[in-house]
Amino acid sequence: MENKLVYTGKTKNVYEMPNGHYLLKFKDDCTGADGVFDPGMNTVGLTIEGVGDVNLRMTDYFFKIINEAGIRTHFVKANFEDTTMEVLPAKVFGHGLEVICRHKAVGSFFRRYGEYCELGQDLPAYVEMTFKNDEKGDPLVTKDCLEILGIMTPKQYDDIKEMTQKITKIVADEMEKRGMVLYDIKFEYGYDADGEVMLIDEIASGNMRVYKNGEYIDPMTLSKLFFA
């Protein structure tokens, strides 16, 4: 039996495997517009040779550490020869949620709350969740609202928050070893047939904001520095 294509994404394709697992095929397509890379956009703007490979390598690196730390993920194994990753099946929350952990007040956090904080101010591993919806500007959603809408239980929310803070520390520590500072990072989560939460998707340079000597490092440069 062959793997069956079930979803064509912007940066990855998803295949169903005969063993019940799924296969993610990482592409060299990047989000952006007019040939300019922008991880925050939801349209493919350019193709950069080798991006799929380095995104998979960083994802493989972090997922292995996270699994070893006893935190559940969908990761099974990676194959660098064909730029694929085998993962466990998982359902997403609603139509997709992004979970952000913030160590510094920058980006959309500062745009929202700038009158109450300084740019770059330390934040205590602050976790927030947004619905993945470009048209509505990825709106923030609270724990109570997620429960009311039937998208997530309070326990699932608490599990995700705790997992997010632990995973963010793992990533931040790895960046610190390389002389860099993690400002914020976004994750995606799903759940299995028993409702148990697990980290899904990827952990790549385009999902985080990292600085070195006070200067922002673009995702392409970050990937090179990380594996240098």
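**Salt bridges and a cavity, checked against their cut-offs**

Q: In this predicted model, what are R102 and E128 called, buried or exposed?
A: R102 is buried, and E128 is buried as well. The term requires a relative accessible area under 20%, so each of R102 and E128 falls below that value.

Q: What makes R102 and E128 a salt bridge?
A: Their closest N and O atoms are 2.8 Å apart. The cut-off is a Lys or Arg side-chain nitrogen within 4 Å of an Asp or Glu carboxyl oxygen, so the contact between R102 and E128 qualifies.

Q: Why can R102 and E128 be said to tie together parts of the chain?
A: R102 belongs to strand β10 (residues 97-104) and E128 to strand β11 (residues 122-131), so the pair joins parts 26 residues apart in sequence.

Q: Which residues are linked with R102 in a network of salt bridges?
A: The network holds R102, R112, E128, D184 and R209.

Q: Which parts of the chain does the pair E188 and K132 tie together?
A: E188 sits in strand β13 (residues 181-191), while K132 sits in the loop between β11 and β12 (140-141), so parts 56 residues apart in sequence are tied together.

Q: Why is E188 called buried, and K132 partly exposed?
A: E188 has a relative accessible area of 16%, which is under 20%, so the label is buried. K132 has 38%, which lies between 20% and 50%, so the label is partly exposed.

Q: What makes K143 and D158 a salt bridge?
A: Their side chains meet at 2.9 Å, N to O, and the limit is 4 Å, so the pair passes. This pair links distant parts of the chain, with K143 in helix α3 (residues 143-148) and D158 in helix α4 (residues 154-177), 15 residues apart.

Q: Why are K143 and D158 called partly exposed?
A: K143 is at 30% relative accessibility and D158 at 38%.

Q: How do you know that the lining of the largest cavity has no charged residues?
A: The lining is F93, L97, V99, M129, M152, I160 and Y189. Phe, Leu, Val, Met, Ile and Tyr count as nonpolar, so the tally is seven nonpolar, no polar and no charged residues.

Terms used:
Residues are numbered from 1 along each chain as its sequence is written. This is a predicted model: local features need pLDDT of at least 70, side-chain atom pairs count only at pLDDT 80 or more; totals for chains, interfaces and linings use all residues. Side-chain values use heavy atoms; hydrogens and water are left out. Helices (H or I, at least four residues) and strands (E, at least two) are DSSP runs, numbered from the N terminus. Buried means under 20% relative accessible area, exposed over 50%, partly exposed in between (1.4 Å probe, protein chains only). On a 1 Å grid over the protein atoms alone, a cavity is a set of points where a 1.4 Å probe fits but cannot get out, and a pocket is an open set with protein on both sides within 12 Å along at least five of seven lines; lining residues have an atom within 4 Å of a point.
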